[in-house]
Amino acid sequence: MRITGITTHVVGTPWRDLTYVLVHTDEGLTGVGETRMLGHTDALIGYLREAEANHIAGSDPFAVEDLVRRMKYGDFGRAGEIVMSGIAVVETACWDIKGKALGVPVWQLLGGQVTDRVPAYANGWYTTERTPEAYHAAASEVVARGYRALKIDPFGNGRFELDAERSRYAVSLIEAVRDAIGPDTELMVEMHGRFSPATAVRLAHDLAPFRPAWLEEPVPPENLKALRKVAEKVDLPIATGERIHDRIEFRELFESQAADIIQPDVGHIGGILEARKLAATAETHYVLVAPHNVGGSVLTAASLQLAACTPNFKVLEHFNDFADAEIKKVVRGAPEVDPETGCFTVSHAPGLGVELDVDAAAEFPQQRARFDLWAEGWEKRRPR
């Protein structure tokens, strides 16, 4: 079997454009991959056009390791977010083809199943007025839909520092959410790499009474010594990793022991097998895995393949019940959270267990979406 070519399909919404890639073969099997770029969608498609000619066309889709190696190192320049995302969508599609050809789910090819239910946490649910009352009502709806965990960034457009008034307001939002969801629902607090270590530590202490399940990206991701400084001064679990795009770059993070949970994005880290290798290394450091997942249903399905065969998998992020929920229609077999358990059920269908509906995807043209986390009102996901 050989790859004959790829096609790209961009599904657009006002705040995010999702890139789907179909990998075609000479035996009629087609695989699908997905990633979500922020402001770099055209750059990704340009890279894929070159990579198709230089590396992808004519390759054996079963030889995943070889294809990834050539795409990553065959152009000599160091691979960053765009290249690793391009690798990820093609790699994921190759696993989809391989599973379909063999009649097994991808997780069966990566060591077999360790769980049949994957806990989910909700994100994108707080696109409402930024008040304690509105957040209380929105959080109550999340729990009513069966979720046992949810995440929120309560800090507005804060950067490096947050003054006393805005700090108290952020705490009041978390207090309202905790009151709405009760003591047993996990509450993840997102900082989006906003703060200096001193500010992050102060806010962590202010939020401690509300028992966050983790504190995410408390400082910008480029400086791991700053992250360790925070970790040494707070008792909350630290999560990070969505903006690290090569598993090799996690080495220093593991050595520092500054994180309790890593959050690789399957759509940016080079695909399913790269993420599985990273998870295995994390396991040797007693670190849990909770992938960043702000894409659509194909990326969710790919992340669930990872979850099914990974012993140290904690929970999977899910946007698509709340933000842009209508885009689920572009994927047949889209994973859903069971309201009775708050979990995804692991698919036993061959490959990823999902298919892209190209006609439905065409109903959501590219929007040139831009999402600025430093802008006033960013949390509403309504770009100006």
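This is a predicted model: local features need pLDDT of at least 70, side-chain atom pairs count only at pLDDT 80 or more; totals for chains, interfaces and linings use all residues.
**Ground rules.** I number residues from 1 along each chain as its sequence is written, and my side-chain values use heavy atoms, with hydrogens and water left out.

**Entry 1: helix α1.** I took helices (H or I, at least four residues) and strands (E, at least two) as DSSP runs, numbered from the N terminus. I looked up α1, residues 41-56, and its end C-alpha atoms span only 19 Å. A straight helix of 16 residues would span 22 Å at 1.5 Å a residue; the expected span is 1.5 Å times one less than the number of residues.

Where does α1 bend? I found a bend of about 30° at E50, taken as the angle between axes fitted to the seven residues ending there and the seven starting there.

An α-helix has 3.6 residues a turn, so residues three or four places apart point the same way. After α1 comes G58, with a positive phi near 90°.

Entry 2: H192 is not a glycine, yet its phi is positive, about 55°. I placed H192 in the loop between β6 (186-190) and α7 (197-207). H192 counts as buried because its relative accessibility is 13%.

D324 also is not a glycine and has a positive phi, about 60°. D324 sits in the loop between β11 (316-318) and β12 (331-332), and is buried at a relative accessible area of 11%.

**Entry 3: A323.** A323 is in the loop between β11 and β12. Is A323 buried or exposed? I recorded it as buried, at 6% relative accessibility. Which residues does A323 touch, leaving aside neighbours within four places in sequence? They are W15, R16, G124 and R381.

**Entry 4: the largest pocket.** I worked on a 1 Å grid over the protein atoms alone: a cavity is a set of points where a 1.4 Å probe fits but cannot get out, a pocket is an open set with protein on both sides within 12 Å along at least five of seven lines, and lining residues have an atom within 4 Å of a point. Points are joined across faces, edges and corners, and a volume is the space filled by probe spheres set on them.

The largest pocket holds about 740 Å³. It is lined by 33 residues, and L38, E242, R243, F371 and L373 are the closest to its centre.

**Entry 5: cavities.** I counted two cavities of 30 Å³ or more. The largest cavity has about 40 Å³ of space, and its lining is V219, P220, P221, N223, L224, L227 and T240.

The second largest cavity has about 30 Å³. I found V64, E65, V68, E91, L273, E274 and K277 in its lining. The elements giving two or more residues to that lining are α2 and α10 (272-284).

Notes. Buried means under 20% relative accessible area, exposed over 50%, partly exposed in between (1.4 Å probe, protein chains only). Contact means heavy atoms within 4.5 Å.
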